[in-house]
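The following note sets out points for discussion on the structure shown below. Each point is meant to be read with the coordinates at hand.

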Amino acid sequence: MRLGPATTGSIAGHPYVAYGTGPPLVVIPGLNDPLARAGDYPWFDAAFLAYCRRLSRRCASAGVSRRVHYVSRPRGATGDVAPMADGYARVLDTLGSTDVLGISMGGFLALRLAATDDRVRSLVCGLAAARLSRHGRESLRTWREWAIDGEWRRIYRMGVRAVVTEPLRTLGTGGGAVWDWLVSEPIAFGDFTAAVDASLGFDGIPLLDDVDCPALVVGGTRDPFFTPEAFAATAEGLDCRFERLDGLGHDAVIEHPERFDGAVARFLRE
């Protein structure tokens, strides 16, 4: 469905929302995608479209207009990064050559896609290194246990704490209660544990030498899932710049568009 410059629909079985004009820029979401997939709930689609609009306008202001596609994964995922990335390759069958921004766990899929598909014009590992930190692995194992026990509100609350600070954290926590009341559990809750398993089993270091396109790593010094050293090592392996966001973590993508979106737009302009 097209709503002015905004579009919602499905590409190769992947639900998506998009905004803007110009060559495509695909955003691959992270671990939370099964909890808030494009096309599942209208309030999440509105949030995704707002992000696409924000990033598209930032790119346009930098002189590199992009149509930003936020592309979720279809239901029925396996606990392995490779087939998830292959699904995005089928998205590229429709979109053609594209810039790719992988956010958090989405960076794992973007890295795999860039290493195996020459239609990836450029790669941004946004808040993503080639492997999880020790603390990140511990957090994901805990979340997996909660998911098996059906404690979705706890997962939502911890997810909010990971990506926002006050006062948005308080609003997000309150929103968690609303989400729990309206949704109870994700439409395809098994996809969340599959995403956790894929993240825990992923080691992208062997893939770094196979990425030939221009790349950028963006990461904060307070990230809950990756260390600054891991970001720097990933950038070194990709032979690219590490945009270090001092004092920020996963909150950068939501609360600090000047620094996060600005880094992406500058990279595309360069």
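Predicted model: local features only at pLDDT ≥ 70, side-chain atom pairs only at ≥ 80, totals over all residues.

1. Thr193 belongs to helix α7. Leaving aside residues up to four places away in sequence, Thr193 is in contact with Arg144 and Ala147.

2. Helix α4, residues 134-148, is the next element to consider. Its 15 residues should span 21 Å at 1.5 Å a residue, and the C-alpha atoms at its ends are 22 Å apart, which agrees. The buried residues of α4 are Gly136, Ser139, Leu140, Trp143, Trp146 and Ala147. They lie on the same side of α4, because the arc they cover around the axis is only 115°. As background, an α-helix has 3.6 residues a turn, so residues three or four places apart point the same way.

3. Which residues are exposed on the other side of α4? They are Arg134 and Ile148. The cover over the buried residues of α4 includes α5 (152-163) and α7 (190-200). After α4 comes Gly150, with a positive phi near 75°.

4. Strand β6, residues 98-103, is mostly covered, with 6 of its 6 residues buried. Cover is present on both faces of β6: Thr98, Val100 and Gly102 are buried on one side, and Asp99, Leu101 and Ile103 are buried on the other.

5. The pairing of β6 may be described strand by strand. With strand β4 (residues 24-28), β6 pairs in the parallel sense over 4 bridges, and Leu25 has Asp99 of β6 as its bridge partner. With strand β7 (residues 120-126), β6 also pairs in the parallel sense, over 6 bridges. Here Gly102 is opposite Cys125 of β7. Together, β6, α3 and β7 form a β-α-β unit that is right-handed.

6. The buried residues of α3 are Met105, Gly106, Gly107, Phe108, Leu109, Ala110, Leu111, Leu113, Ala114 and Ala115. Their cover includes β4, α2 (81-95), β6, β7, α7 and α8 (228-238).

7. The largest nonpolar core contains 56 residues, and Leu111, Leu123, Phe192 and Leu238 are those with the most contacts inside it. Helix α3 (residues 105-116) gives the most to this core, contributing 8 residues. In soluble globular proteins, nonpolar side chains tend to be buried together.

8. What does Leu123 touch, apart from residues up to four places away in sequence? Its contacts are Val100, Ala110, Leu111, Ala114, Val211, Cys213, Pro214, Ala215, Leu216, Leu238 and Phe267.

9. Ser104, in the loop between β6 and α3, has a phi near 55°, a positive value in a residue other than glycine. Ser104 is also buried, with a relative accessible area of 12%. Leu127, in the loop between β7 and α4, is likewise not a glycine and has a positive phi of about 60°. The relative accessible area of Leu127 is 0%, and Leu127 is therefore buried.

10. Some totals place these points in context. The protein has 10 helices and 9 strands, and 55% of its 270 residues are buried. Of the contacts between residues at least 6 apart in sequence, 75% join residues at least 24 apart.

Note on methods:
Residues numbered from 1 in each chain as written. Heavy atoms only, no water. Core = buried A, V, L, I, M, F, W, Y, C linked by side-chain atoms within 4.5 Å. Buried < 20%, exposed > 50% of the residue type's maximum accessible area, 1.4 Å probe, protein only. Helix = DSSP H or I, 4+ residues; strand = E, 2+ residues; numbered from the N terminus. Contact = heavy atoms within 4.5 Å. Expected span 1.5 Å × (residues − 1). Arc of directions from axis to C-beta. Pairing = 2+ DSSP bridges. Right-handed = clockwise from strand over helix to strand, strands pointing away.
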